[in-house]
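Try each task before reading its solution.

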Amino acid sequence: MNNIKNCITMTGNPSTHDSRSPHDWEQLIERYYAGETSRREEEELRQYLFSTTADPRFDDTRAVLAFTGTGRRLTPPHRQVARRHTWRTWVGAAACIALLLAGGIVYHTTPRDTCVAYVYGEKETDPEVVIRQMQQSVSQFASTDVAVESQFDAIFSPLETLP
């Protein structure tokens with residue numbers, strides 16, 4: 001029976017505002033807050049609360065309906081937001097894949113076993129020449145017979161002669 005009355009309200013014929021009791025409106029408001037009302041019932045509730053016959057104790061619900069109505073007008077439809085979100089997701093995923101591929105290509109194409117030595121101001125990149133030069137440099141230091149103990153003795157001996 002209420003559905004028939006709701007249909008009459010939507011068509012502009014006699015309103016159900018007068019036929020509902022304050023208790024009926026309270027139940028409808030509770031169902032609205034629970035998310036159990038249809039669009040038609042929400043519209044009927046909105047018409048009642050913004051009419052001059054509305055009970056002043058429903059002012060807080062009127063404020064909530066005004067707030068949600070403003071929010072609906074300011075936000076784009078859900079489909080457009082979902083499409084935009086999906087598009088951004090795909091573009092972000094493609095950008096991440098492109099960055100990973102570019103990083104992998106750079107990593108794998110960069111030579112890592114490069115031997116470089118500067119001999120008399122000239123750059124040498126031939127591995128045999130660089131290794132030969134390194135061995136010559138190391139052999140110059142290996143031929144000295146300086147013992148570590150003798151060096152420590154030379155450093156700390158003046159301290160032992162102090163009175």
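**Exercise 1. Decide whether W25 is buried or exposed, then find its ring partner.**

Step 1. W25 has a relative accessible area of 1%.

Step 2. The model is predicted: local features need pLDDT of at least 70, side-chain atom pairs count only at pLDDT 80 or more, and totals for chains, interfaces and linings use all residues. Residues are numbered from 1 along each chain as its sequence is written, and side-chain values use heavy atoms, with hydrogens and water left out.

Step 3. The structure holds 3 aromatic pairs. In one of them, W25 stacks with Y48, at 4.0 Å centre to centre and 5° between the planes. Rings of Phe, Tyr and Trp (its six-membered ring) pair if their centres lie within 6.5 Å; planes under 30 degrees apart are stacked, over 60 edge-to-face, the rest tilted.

Step 4. W25 is in helix α2 (residues 22-33) and Y48 in helix α3 (residues 39-49), so the pair ties together parts 23 residues apart in sequence. Helices here are DSSP runs (H or I, at least four residues), numbered from the N terminus.

Step 5. Y48 is buried too, at 6% relative accessible area. Ring pairs join W25, Y48 and F58 into a cluster.

**Exercise 2. Trace the contacts of R20.**

Step 1. R20 lies over the face of W25, 5.1 Å from the ring centre. The rule asks for NZ of Lys or CZ of Arg within 6 Å of the ring centre and within 35 degrees of the ring normal.

Step 2. R20 also forms a salt bridge with E44 (3.0 Å, N to O). A salt bridge is a side-chain nitrogen of Lys or Arg within 4 Å of a carboxyl oxygen of Asp or Glu.

Step 3. R20 sits in the loop between α1 (2-11) and α2, and E44 in helix α3, so this bridge ties together parts 24 residues apart in sequence. Both R20 and E44 are buried.

**Exercise 3. Find the salt-bridge partner of E26.**

Step 1. The partner is R57, with the closest N and O atoms 2.5 Å apart. E26 lies in helix α2 and R57 in the loop between α3 and α4 (59-74), 31 residues apart.

Step 2. E26 is partly exposed at 28%. R57 is partly exposed at 44%.

Step 3. Widen the view: E26, D55 and R57 are linked in a network of salt bridges.

Note on methods
Helices (H or I, at least four residues) and strands (E, at least two) are DSSP runs, numbered from the N terminus. Buried means under 20% relative accessible area, exposed over 50%, partly exposed in between (1.4 Å probe, protein chains only).
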